[in-house]
Amino acid sequence: MNWLPEQASDFAGRVDTVIWFVTIISLISFILITIGLVYFAIKYRRRSENDETPYITGNLFLEMLWTVIPSILVMVIFVYGFVVYRDMRTPPQDALEVNVTGKQWLWQFQYQNGKSTINELYVQQDKPVKVVMRSDDVIHSFFVPAFRVKQDLIGGMYTYLWFTPTKVGIFDLYCAEYCGTGHSAMLGKVIVMSPEAYDRWEKGEEEEEGKAVAGLPPDQLGEKLYKERGCNACHSIDGSTLVGPTWKGLFGHEVSLTDGSTVTADENYIRQSILEPQAKMVKGFGPVMPAFKGILSDDDVAAIIAYIKTLK
Amino acid sequence: MANHTIAETLYVPYLDEKGILSWLLSTDHKRIGIMYLISISTSFLIAGISSLLMRLELIAPGKTIVDAHQYNVLFTFHGTVMVFFFIVPGLAASLGNFLIPLMIGARDVAFPKLNLGSYWLYLLGATILLISLLKPADTGWTFYTPYSIKTGTDVILLTTGIFILGMSSILTGLNFIVTIHKLRAPGMTWHRLNLFVWASYATAILQLLATPVVGITLLLLIMERVFGIGFFDPAKGGDPILFQNFFWFYSHPAVYIMILPAFGVISEIIPVFSRKPIFGYKAMAYSLLAIALISFLVWAHHMFVSGMSEVAATIFSFLTMLVAIPTAIKVFNWTATLYKGSIQLHSAMLYALSLIFLFTIGGLTGVFLGSLAVDVHLHDTYFVVAHMHYVMIGGTVMGFFGALHFWYPKMFGKMFNEKVAKVAWALIFIGFNVTFFPQFILGTLGMPRRYADYPPEFHSLHELSTIGSLILGIGVFIMTVNLLRGLTNGEKAPENPYNSVSLEWQVPSPPPHENFEKIPVVTDYPYVYGKKNTQEG
């Protein structure tokens, strides 16, 4: 069974070598101590109440030995860990920068060409990426196990990490710092593309996708957005209550708001709740949803409304 | 004792007086120790049940028994109760109170009334915690800002409760330091002290110096929540990393407040059941102090990926590695004590040997987390959860259970059923490893901690872990029932069932009020086992 994730960045292999190094030293120490414990416990088990035992109070040489050897070993481990860490914290000059904002509970990515995505980070194979991060609210942590990278996102300051993806594929992105009710749903994907595919994505994926989605009826496009834009982290479609109200049976029904009034969930209410979620808060839920103004287009919003209508 | 016959005629065991007030108003260190023991054991069992509920939720992906918010409340409750109500006051307050005066040959602690006051503060803190459960907090036991400022749950009451517990802890530490300095019996020099007393002394220093910092930090957090003063919230110009620095400045030394008494405990158990002097007494005593000292200088290893500077991270990684050295000395010296001994696998000894085995795993996995490049990958994953439980259960709780079985005859004057105790030990040992070993693998694979739900690829390891937790739960249940049955059905305990030479075994079981008919005169350290003329090695 594998006990380490796939290696998909250029220093994943180096980090794993450090992990293996520490593991082997630990295993040797552990086996020595276990053998000592078990062997002594069996060999010197009490045979009678009158067993004679020697009066040994210590041994300076042995004690020096097991002070000095562990000291040397941990210093080697420290230096090795530091050397790899130093490279992990030194991004190359030509790294492509992507801005990341974490908010409860989604990831927003902004690229240098003006594109922006939610919960999906698009990068190019073998091209170093520097991720510049900040948080809109509480602390989050950007963690991609396959790349062996992790860094907290904090409000009021920028943090960064960098990596060079080496494998084309889709890799899991987790939030690793506890950030509230939706913490375990704050998941994303890193999509590593070949240079050609990345080029296409950068230049005109939107048109391509436009063509692809043009064929989709609005409710199916809405379903696609529901999954891709992170709505599913907080809104269920099966009637269960997550961080936000369920979408099942929402459309056309009366909703009680925090100010005591009620409102019918029609097109305009849902549109406003997506673009300015704090305007009319549903009773029993906190003001935690990020505003999607400028993130979702009018067509996207219309598609999501069409999707909600199908959830009876 | 010269006047043994007089002692027997006047002998009134400390347990004899009945009635709840005779306990709550008692200034006898042994009664206060027993009250702490009951309180921390209750906290342990309640927090243990909350962890079983968490494990049940995690038996399969998707919602099983609780939703995400309830899960977050559960792990917050589990963490705060285990840390602040069980394991920090834990062995130090319960065993420390009961044993320190007996071991140093004193009639009580230096300030008996203050000692009772500490216990009342503990009760007050526990009451406030219970009230906070009306709207239970969901911050985790670490209360990281700004989440702990923004959440709508009741953080203020909970942190107030912990603040009061902190005062209890400080006063206990102060009391023990003065007691150990001033109340030692004639001839009881520092190098004749039990290692448990050394451990309690090192612990007390940590309690006295580190606890005020967490008290102040929680006070700042409360001020920020109540008055909106921006200490930690970046939206108000505060610094969230400052909170982490303050918090870990206490909470890392606190890890040693939790573990050092357990080190002391097994340094008592192993020589008795090996009939050998402890190997390297002075190294054992000074390594306790060394660990306590270094523990003040390593707090930021909890924060390598928090956004602090790389230079600071490097320095803290280096200092963290230093802790491994005195710890390694202890593990090797315990093992060497067994050499050429006459080893009796009493239940207390089984727990002591388990501690060496499990704590070695806990300690070595700590080296992984101290290494910078490795920590970046493993930080905030299940690897940390497993590491911490190998230290806290594998270390402290094994020491605690070992101590319960070892000093039970002295505390209660009764014997428990040794066979049942061994069965319970086996279930606890197996259950613990099945629960937590898979979590190391979950962590290296990248499963983040504090997740109410998880992707399907982690399912089988989580399932295994939950099965282990049930075995562990059954083991603890059997152990508890066995120890409680011993109180009513157990045979009467002799004064010194294991032929220990330590002072606490030279008084009747259970000891009388004020412990000693006549203050003893001490002539040697408490590990004189074996034939002196065969000294070798």
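Mentor: Let us begin with a cut-off: a residue is called buried when its relative accessible area is under 20%, exposed when that value is over 50%, and partly exposed in between. Please keep in mind that this is a predicted model.

Trainee: Why does R449(B) count as buried?

Mentor: R449(B) has a relative accessibility of 15%, and because buried means under 20%, the residue falls in that class. D380(B), with 7%, is buried as well.

Trainee: What makes R449(B) and D380(B) a salt bridge?

Mentor: The distance from N to O in their side chains is 3.7 Å, and the definition asks for a Lys or Arg nitrogen within 4 Å of an Asp or Glu carboxyl oxygen, so the pair qualifies. The pair links distant parts of chain B, 69 residues apart, with R449(B) in the loop between α16 and α17 and D380(B) in the loop between α14 and α15.

Trainee: Why is K309(A) called partly exposed?

Mentor: The relative accessible area of K309(A) is 33%, which lies between the limits of 20% and 50%, and therefore the residue is partly exposed. Its salt-bridge partner E267(A), at 2.9 Å from N to O, is also partly exposed, with 37%.

Trainee: How do you know that D233(B) and K236(B) meet in a salt bridge?

Mentor: Their N to O distance is 3.9 Å, and the cut-off is within 4 Å, so the pair is included. Here D233(B) is buried at 5%, whereas K236(B) is partly exposed at 43%.

Notes:
Residues numbered from 1 in each chain as written. Chains lettered and ligands numbered in written order. Predicted model: local features only at pLDDT ≥ 70, side-chain atom pairs only at ≥ 80, totals over all residues. Heavy atoms only, no water. Buried < 20%, exposed > 50% of the residue type's maximum accessible area, 1.4 Å probe, protein only. Helix = DSSP H or I, 4+ residues; strand = E, 2+ residues; numbered from the N terminus.
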